Amino acid sequence: MTGQALLWGVLYALPIFVRGDFLLTIFIFTFIYAILAVTFDLIFGFTGQLSMFHPAVFGVSAYMTYLLATNCKLPFWIATLPSAAAAVVLALIVGSICFKFRLKTFYFAVVTLAFSEMIRLFVMNWNSVTNGTLGLVVAAKPTIYWPGSGIVPIKGPIAWYYLTLVCLSLTVLVCARCLRSWMGRCFGAIRLNEDLARTLGINVFRYKLLSFAVGNALASFAGGLYGYYTGYIDPGYLGINQSMEVLAMVLLGGQGTLIGPIVGSLVLTGLPHAIDLRAEIRAILYGAILIFTILVMPRGIVGTLNAWRAKRGA
Amino acid sequence: MKRVSLILAVLALIAAPAAAQDVVKIGQIEAQTGANAIYGWMSSQGTALAVDEINKAGGFKVGNKTYKLQLIALDTRGEPKEATVQLKRLVEVDQAKYIFGPFLSNVFLAVRPYAAEFNGKLLMWGGATRIHDYVGTPGHEFLMRTWNWDAGKNGFGELMVDNLVKTTGAKKIAMLFQNDQGGKVLEDIYVPMLKQKGIESRLDYFEPGTKDFSAVLAKIAAWKPDFLFPGYADSYIYDIVRQATETGQLTKFFLVRGSLGPGLKNKDGIEEYMVYVPKHFEEAEKKDPKVAKFVKAYKDFYKRDFPYDQAPLCSSSCYDHVYMLVEAMKKAGTVDDPAAVKKALMSMTYDGLWKIRFDDKGEAIFNFDVVRLKKGGALEVQHINPN
Amino acid sequence: MALEVRGLTKRFAGLVAVADVSFLVQPGEIVGIIGPNGSGKTTLLSMMAGLLSPTSGKVLWKGREIQELRPDIIAGLGVVKTFQNPQVFAELSVFDNVRVASHLALKRALGFRRGLEIVGAARGVEERLAARVGEVLALCNLGEAADQLAGNLSYGEEKMLGIAMALMCEPELLLLDEPASGLGRDEIRNLEAVLDKVHRAGTTLCLVDHKIGFLRGLAHRVIALNYGQKIAEGSPEQVLNEPAVIEAYLGAGHARA
Amino acid sequence: MTQLVLGQVLNGSIIGAMYGIIALGITLTFGITGIVNFALGEFMMIGAYATYALAERGGLPYPVAVIPACLIAAAAGYLSNKAFFRFTRNNLVNGLLVSIGLISIFESASMLLWTATPVEMHFVLPGALRVGDIGLPKMKLVVFAVIVIVIVVTYLGLARTWLGRAAFAYAQNPEAAMLMGVHTPRLETAVMLYSTGLAGLGGALYASLYSLEPAMGGVYVLKGMEAAILGGIGSLMGSLWGGVILGVIEGVGSIFLPTAFRDAYGLAVLVAILLFRPSGLFGDE
């Protein structure tokens, strides 16, 4: 608990100490990816379903948010809602197919990955709308109401830092609420022993689907933010490597925790810039670090810390 | 928590600015690893080589002060996310005023907004096709494109197509492009161009990562084109040419930009292989001492034999760019006013490995060779100088 | 009547596990199903709980056919089954195990209003259920083990936890698959006491076991199976004196004893 | 048109066989040892570059170069098993992550050695067999033959030999197998050696057909996985058939439909089949 409070405290206070676009940008990307990682952990770490569908939702929502905002003249925040809705619809379709047919672990992963890939190819070749491989340049910025100065666009590292941090906090909050409730109990039951859960009157299909839908819906906001922050959207958003990256973040930080994914995201986003070596060596080191962390700490950084704290406590 | 503070510490370490007076910093953001590394990796090689030579020669004099170059080459892995952070690092932490790259359009488009904030305080020159859309436009004075453009007055594509039609009377051209930014840009340029020149054309895309083209090639062959026009990406042309000639499906190739290697390798399979190369190195090495020197320097520096394919196109160009930049600094009499340096660049013609100058928008124009390869390997080189 | 099994049959590739079995379970009864291993007891119970779907025949609960329904729905209707080799959420504490099982109770209490509970409303219900979990644990004499990890429990305790979870589902009919198998004497006595309390609280019980001693003390009515067929039904005494049973079953039983 | 399609059916099966040999590796490691090795593509890459090095730089004749290439790949496999994979037994995600790490390591290492610029071997067996409008490169036919032989031999070997029976006993129930006296770490090592060696062979054959670049492994491991699942994890012949089906679908698909979607055709079929046969075409229910 205290560790978490400390982490949040540090994150919110950071801009006071850390100036400069460079460092803050690392954190901004950390937060956006942490949103993906946390929501992925909701599906994977808490409900036990290894989903590879995040890239699809990430990309589709990025495109939708931008297209709605520009073509329908909607403000950014309104535009994110239909995108989230779209994410839910996609999740419900793909999810119900997979869960109806009782696809587990490996197979579930592969089928979700397949759907994600097909969506990517579709987005990539639907030139008239998505501008295909050329991608879309996002000039606009999200706006907020600021007391005194009215509606202002969100510009500059500090503003974005807090914008993304708040979005992350909200995501974590929603997830935490769900997980602390009966919903979380059902997710856990499904992860730990599906058959037992069934005999105890838990509708396994429904709750798997629920977790999948909630996770993807929340993940969709990351897409919108990312698109507007980098100012450029292309089919690369839907690449498989995104799945791998998010998975790595969650495993590294600690699956089945809400803080773990954030830590993992911070490590994996910061690491490449922390290692100041020539390209190839850096990539090798990066891989080695991935492997050794997971072999030395199978429960991830936070998981290990918790276990250690527990041992010391007991 | 530990981790977080640790990383912060490490980052802080990097962040410690080490700006010495007599050093001019050159930042570079290119993909040196990853699937799209081919251009970026070679460019960074050329740059590194030039910087090393200049420093070994004791740096260069601007006004009455001698400067050395410091190259900070960062690997974007072709990821916009990485590149954005890295550019910010280069500009803020290292306070580099001269940025080489990027070669990848998706990277460029992601870093552009940030770079634009430093308009006038920065000079960025990259090869990315999409830079063409911005270079010379208001608010992008910091931007220069190191590649010549296909279409237009000095467009090499235009020249190539005219040349092809004039010499072969081709009527049907089949295009086979990689399904990515570059491919799409090519489509937008060449489909209308060919149409307007009264040439019948068809276009097929292939997924990046494709290695076996037999399906699409068979499809194209059934259409019976006069020439096959594969896109730019060097990594595919070897496979395309081999697979097309091996089965004798297609034997005439037309590359507006590419390398000679695939043609030479399949010289008995091809009937005709017409290609634009920035320089026909095999020949130039014998004639032009500058080229010979460069090739030798490359071999010594990297302890590796010189790749005569498209790759040198990048390495040699970036090699030239470094020298050109230094010349411009001397000419402008300053090292820390990118605007002045750009003015100097725009007004000069650099005669290095290539003859490079910039058009009024800030896009490079340089001489190149058109090489025509016949069955059996008969070569016919034609030097074209748009200057 | 509470539950009716009508001509229930289950075939696994070739062999017949349960052959045309029919019987009734009246409300408030304790029915025992006996038979040697492999006589189809567990298969029969699993079909009643919806874990297996029968090849033919019907299971009627309050006149409604349930044999094709999903297990979670059947549990929702009030028919809950425990497992022969105990199934628990090993990584959760005993308390949390039973807390998970309170899902149906919550559903009954709130229906879809439980959505509100996520935003913090309807906390009261949750607290009531938490309290109820405590009661159930106490009833099953697991009170002091509440904070242990279920994975660290003894075999007997795990079985008891299984029953506790089933009870938390507020069953009208509780199906127990060999609850006594593998238990020590004291544990069995404890089990009997618990089941007695449960029954007094108004829950109908249907037990499967091959330990006659155990059932004789408990069951009002016993059904004997052999090779998937019902060979006898009646009060424990009647059934135990049934020649078919003696021959098919008790002989074996004596031999084992 | 029919000739166009027929040509792609043949050509597709050949390409599919290449997927098949990776699929076989995946099936073996996952089916028998429960270890997930998504880095197989990298061992393929190692085999390919090793062949290139031995044949072009070392001047060995291609057929001779192939064997040491396989051994090199197998050696790399042995090391990565000793160092990493054996700790990821029956742990899908850890295996996945270790694989991601290994991919990054091997790819960059080969970039250091060979640079990002693609290299191509001299043509081992140029020219093509022509029947009507259908032209099939001779080398492709050789590759196809080799792969089919290898897979069939593996199949027979695993069905007949002691090692094979042990392997399957182990796959069914490791503990029991251990009691039966199957020395499990040795078995694991054997499987790992064999599967990576196969990948190496795949790479060696690949090198005779296509140009090489450090990132080549990525595509193939994905296809191999698709093929393995299509055929059914644990089914050896299934991996071959899975690969062939995949290759044919892609080939024929790109004839009638835009080639830009090539990968989607295979995936769509994969999904469809998984839904109706969750354990793949030849996997046992």
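This report walks through a predicted model, chain by chain and contact by contact.

## Where chain A meets its neighbours

Let us start with chain A, which touches both chain B and chain D. On the chain B side, 35 residues of chain A are in contact with 29 residues of chain B. The elements of chain A that give two or more residues to this side are helix H1 (2–17), helix H2 (21–46), helix H12 (260–274) and helix H13. Of these, H12(A) gives the most, with seven residues. Sorted by class, the side of chain A that touches chain B holds 19 nonpolar, eleven polar and five charged residues.

Turning to chain D, 30 residues of chain A are in contact with 30 residues of that chain. Here the elements of chain A that supply two or more residues are helix H5 (105–125), helix H11 (240–253) and helix H13 (279–296). The side of chain A that touches chain D has 24 nonpolar residues, along with three polar and three charged ones.

## Two helices packed together in chain A

The crossing of H3(A) and H4(A) is right-handed.

Which residues meet where H3(A) and H4(A) come together? From H3(A) come Ala56(A), Val57(A), Val60(A), Ser61(A), Met64(A), Thr65(A), Leu68(A) and Ala69(A). From H4(A) come Phe76(A), Ala79(A), Thr80(A), Pro82(A), Ser83(A), Ala84(A), Ala86(A), Ala87(A) and Leu90(A). The residues of this contact comprise 13 nonpolar and four polar, with no charged residues.

## A covered helix in chain A

Is helix H8 (residues 182–192) of chain A mostly covered or mostly uncovered? It is mostly covered, as ten of its eleven residues are buried. The buried residues of H8(A) are Trp182(A), Met183(A), Gly184(A), Arg185(A), Cys186(A), Phe187(A), Gly188(A), Ala189(A), Ile190(A) and Arg191(A).

Chain B has 13 helices and 16 strands. Its radius of gyration is 22 Å, close to the 21 Å that the globule rule gives for 387 residues, so chain B is as compact as a globular protein of that length. Along the principal axes, its C-alpha atoms fill a box of roughly 65 × 55 × 45 Å. Of the 387 residues in chain B, 58% are buried. Among contacts between residues at least 6 apart in sequence, 66% join residues at least 24 apart.

Chain B is divided into domain 1 (16–149 + 288–367) and domain 2 (156–256). The centres of these two domains, taken over C-alpha atoms, are separated by 31 Å. Nine residues from domain 1 of chain B and six residues from domain 2 of chain B take part in the contact between them. On the domain 1 side, helix H4 (105–117) and helix H12 (310–332) of chain B each supply at least two residues. That side divides into two nonpolar, five polar and two charged residues.

For a closer look, find Ala292(B) in helix H11 (residues 289–302) of chain B. Why does Ala292(B) count as partly exposed? The reason is its 14 C-beta neighbours inside 10 Å, a number that falls between the 12 or fewer of an exposed residue and the 20 or more of a buried one. Ala292(B) and Phe281(B) are eleven residues apart in sequence, and their C-alpha atoms are 8.9 Å apart in space.

## Chain C

Chain C contains eleven helices and ten strands. The radius of gyration of chain C is 19 Å, close to the 18 Å from the globule rule for 257 residues, so chain C is as compact as a globular protein of that length. Its C-alpha trace spans about 60 × 40 × 35 Å along the principal axes, and 46% of its 257 residues count as buried. For contacts in chain C with a separation of 6 or more, residues 24 or more positions apart account for 67%.

Where does chain C stand relative to chains B and D? No contact joins chain C to chain B, and their closest C-alpha atoms lie 26 Å apart. No contact joins chain C and chain D either, with closest C-alpha atoms 14 Å apart.

Terms used: Residues are numbered from 1 along each chain as its sequence is written. Chains are lettered from A and ligands numbered from 1 in the order in which they are written. This is a predicted model: local features need pLDDT of at least 70, side-chain atom pairs count only at pLDDT 80 or more; totals for chains, interfaces and linings use all residues. A crossing is left-handed if the near helix is turned anticlockwise from the far one by less than a right angle, and right-handed if clockwise. Helices (H or I, at least four residues) and strands (E, at least two) are DSSP runs, numbered from the N terminus. Two residues are in contact if their C-beta atoms, placed from the backbone, lie within 7 Å. Ala, Val, Leu, Ile, Met, Phe, Trp, Tyr, Cys and Pro count as nonpolar, Asp, Glu, Lys and Arg as charged, and the others, Gly among them, as polar. The radius of gyration is taken over C-alpha atoms; the globule rule is 2.2 Å times the number of residues to the power 0.38. Domain bounds come from an automatic or database domain assignment.
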